[in-house]
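Subject: Structure handover

Hello,

Here is the structure we talked about. Please open it next to this email and follow along.

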Amino acid sequence: MTTEAEEKALRYRRAQSVTRAEEITEKEKRARKLQFDKPCHIPRDSLFSWSSEFANFTGLVNWGFLMLTIGGLRLCLENFLKYGIRVNPFEWIIMLTGYGGNQNYQYPSVILLMFSIVPAVVSLLIEKAISVDIISEKLGIAMHIFNIVFTVSLPAIVLQFKGDDFSFVGITTVCIIYLVLFLKLWSYAQTNHWCRNGVKRKYAKNKLRRQSLSAPNWKNLEDEKVHEALTAGLVKYPDNLNLRDLFYFLLAPTLCYELNFPRTTRIRKRFLIKRIVELVFGVNLVLALFQQWMIPSMTNAVAPFSQMDIMRITERLLKLAVPNHLIWLCFFYLSFHSFMNLMGELLHFADRNFYNDWWNANNIAVFWRTWNMPVHTWAVRHLYIPMTEMGYSKHAASIVVFGISALFHEYLVSIPLQMFRIWAFLGMMAQPPLSVISRLAERRLGARWGNLIVWSSLILGQPLAVMMYYHDYALAHFAPAGAPLVNATLGAQLVRDA
C-alpha cells in the first residue's frame with residue numbers, strides 16, 4: 001500500500017512539473033464561463049503527450065501500411081527493371097521429381113517419399129512383436145533405435161550416390177518429411193513403451209490385490225471399477241497396434257502420439273475451401289518471390305562476402321532481409337495455419353494449437369516456446385521431462401533440447417546443399433545467450449525492447465545465415481578450382497545462371 005501511495009504521489013509531482021493546468025479548480029472554471037470574453041481554452045495536454053491518455057492512432061497505422069505498400073511497390077518495380085521477369089512456373093514442376101536437366105528421369109525424391117512408409121510399418125511390427133513377447137523389451141528398443149536412426153540417415157546416404165539426380169527443393173522436401181517421420185516414430189515407440197509399462201504395473205497391482213483381499217483394499221477395488229467405467233470407450237494398449245491407427249498418426253498434424261486423439265464431429269466445408277485456396281495461392285507466391293527477388297539478392301551478395309567488404313555486406317544483408325522475411329512469414333502461415341488446419345479438418349483432429357502469439361514474445365525464450373507448438377510439445381514431452389525425471393537439471397535439459405534442435409536445423413540445410421557447414425548449428429546454439437540478453441533488456445528497459453530484440457534476430461539473423469551458406473555453396477560449385485572469388489564477375493555470372 002505504501003508503494004502505491006508513493007507512486008501516485010510521484011506521478012502527481014511529475015504532472016505538476018510539466019504543466020500547471022491542473023491548478024484551475026472547478027470553481028474557477030465556473031467563474032471563467034460567466035465572463036463576457038467567451039473563453040475557449042481549457043486545461044488539456046497535447047495528444048502526443050503520455051499524460052493525455054490518447055490511444056486512437058488508427059489513422060497513423062493506416063499511413064504506416066500505406067507507406068510500406070508504396071515502398072514495396074517501388075522495390076518490385078526496381079526489381080523488374082533490373083532483372084526483368086524471372087518467374088517461370090514451368091520450372092516449379094521439378095520441385096519433387098528430381099529432374100535436373102540431365103535427361104535422367106529417375107525421380108529419386110518421389111521414390112524416397114514413397115519408401116517413407118517402410119520405416120513406419122517396421123516400427124509397428126516391432127511393437128507388435130514386443131506386445132506378444134516374440135522379442136524382448138531390450139531387443140525391441142534396440143531395433144527401434146536402429147530404425148529411426150536409419151530413417152533420418154537415409155536421405156544423406158542416397159544423396160551420396162544419386163546427388164546429381166536430385167533437385168534442391170526435392171531433396172529439401174525429402175529431408176523435412178524424413179525428419180518429421182523420425183520425430184513421429186520416436187514418439188510412437190516411447191508412448192507405447194509408457195503404455196506397456198503402465199499395463200504391467202496395473203497387472204502387478206491386480207495380482208497383489210487377489211492375494212490379499214483385506215478391507216483396506218476394497219476402496220481401491222471400487223476406484224478401479226470407476227476408472228474402468230470411465231475409460232470403457234477408449235482405445236487401450238495393445239489394441240492400438242494396427243495400420244489404421246499408425247497411418248492416422250502419420251498424417252495427423254502433430255508429432256506426439258496418443259492412443260486417443262481429440263476428434264471433431266464434422267468437416268467444415270467453407271473452412272476447408274479457404275485453407276485450400278490459401279495453400280494454392282501462397283505456394284505460388286512463395287515460389288515467385290524466391291525466383292524474382294530472393295535469388296538475385298543472394299547472388300549479388302557473393303562478391304562482397306568474398307572481399308569482406310563490411311559496408312557492402314551490410315547493404316546486401318539489409319536488402320536480402322526484406323524478401324527473406326516475407327518468405328519466412330508466408331512459410332509460417334502456410335505451414336502452421338493453412339496446411340495443418342487443412343489436415344486437421346480432413347482428419348477430424350481437434351487440437352489446433354499449432355502456434356501461439358509468438359509475435360508478442362518479449363524475449364527469445366518465449367518465442368521458441370510459442371512459434372512452433374508441435375515441435376515444442378514434442379521436445380518437452382519426449383526430451384525435457386524425461387531428462388528432468390532422470391535427475392538432470394532443468395538447465396542441462398534445456399541445453400540438450402537446443403543442441404538437438406541445432407542438429408536438426410543443420411540437417412535440413414547441409415544435406416540438401418551437399419556440404420557440411422555449422423552456421424545453422426551455431427545460430428541455434430547462440431539462442432540461449434541471446435535469450436539471456438533479451439530477458440535482461442525486458443527487465444531493465446521494458447517489454448517493448450525485448451520484443452524488438454526478438455524481431456531484430458528474426459529479420460537480420462536469417463538472411464545473414466542465408467548469405468553465408470550461399471557464399472560457401474557458390475565457392476564450392478561455381479568458382480574455379482584454387483581461385484579465390486575476389487571480384488564481382490562471378491556474381492554477375494551467378495545472376496545469369498540462377
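A salt bridge here is a side-chain nitrogen of Lys or Arg within 4 Å of a carboxyl oxygen of Asp or Glu. Keep in mind that this is a predicted model: local features need pLDDT of at least 70, side-chain atom pairs count only at pLDDT 80 or more, and totals for chains, interfaces and linings use all residues. Residues are numbered from 1 along each chain as its sequence is written, and side-chain values use heavy atoms, with hydrogens and water left out.

Two more terms come up throughout. Helices (H or I, at least four residues) and strands (E, at least two) are DSSP runs, numbered from the N terminus. Buried means under 20% relative accessible area, exposed means over 50%, and partly exposed is in between (1.4 Å probe, protein chains only).

Salt bridges

The whole structure holds five salt bridges.

Start with Glu345. Glu345 is buried, because its relative accessible area is 1%. Arg268 has 35% relative accessibility, so it counts as partly exposed.

Surface patches

Patches are made of residues with over 30% relative accessible area and no salt bridge; like charges are joined within 9 Å, and nonpolar side chains (Val, Leu, Ile, Met, Phe, Trp, Tyr) within 5 Å. Accessible areas come from the Shrake-Rupley method with a 1.4 Å probe, and for residues only the protein chains shown count as cover. For charge, Lys and Arg count as positive and Asp and Glu as negative, while His and the chain ends are not counted. The place of a charge is taken as NZ of Lys, CZ of Arg, CG of Asp or CD of Glu.

One patch is positive. Arg369, Arg439, Arg443 and Arg444 gather there on the surface. Which helix gives the most to the positive patch? Helix 17 (residues 431-445) does, with three residues. Arg444 lies in helix 17. Arg444 is exposed, because its relative accessible area is 68%.

Another patch is nonpolar and covers about 1300 Å². Its residues include Leu47, Phe48, Phe54, Phe57, Trp63 and Ile70. Phe57 is in the loop between helix 2 (26-33) and helix 3 (58-83). With a relative accessible area of 31%, Phe57 is partly exposed.

Cysteines

Cys195 is partly exposed, with a relative accessible area of 21%. Cys256 is buried, at 7%.

Backbone points to check

The peptide bond from Tyr237 to Pro238 is cis, with omega near 5°. Pro238 lies in the loop between helix 8 (218-230) and helix 9.

Two residues other than glycine have positive phi values. For Asp133, phi is near 65°. Asp133 is in the loop between helix 5 (117-131) and helix 6. Asp133 counts as exposed, because its relative accessibility is 67%. For His348, phi is near 60°. His348 is in the loop between helix 12 and helix 13 (364-370). His348 is partly exposed, at 24%.

Last, a proline inside a helix. Pro323 is found in helix 12. Pro323 is buried, with a relative accessible area of 1%. The C-alpha atoms of Pro323 and Gln292 are separated by 9.7 Å, and the two residues are 31 residues apart along the chain.

Best wishes
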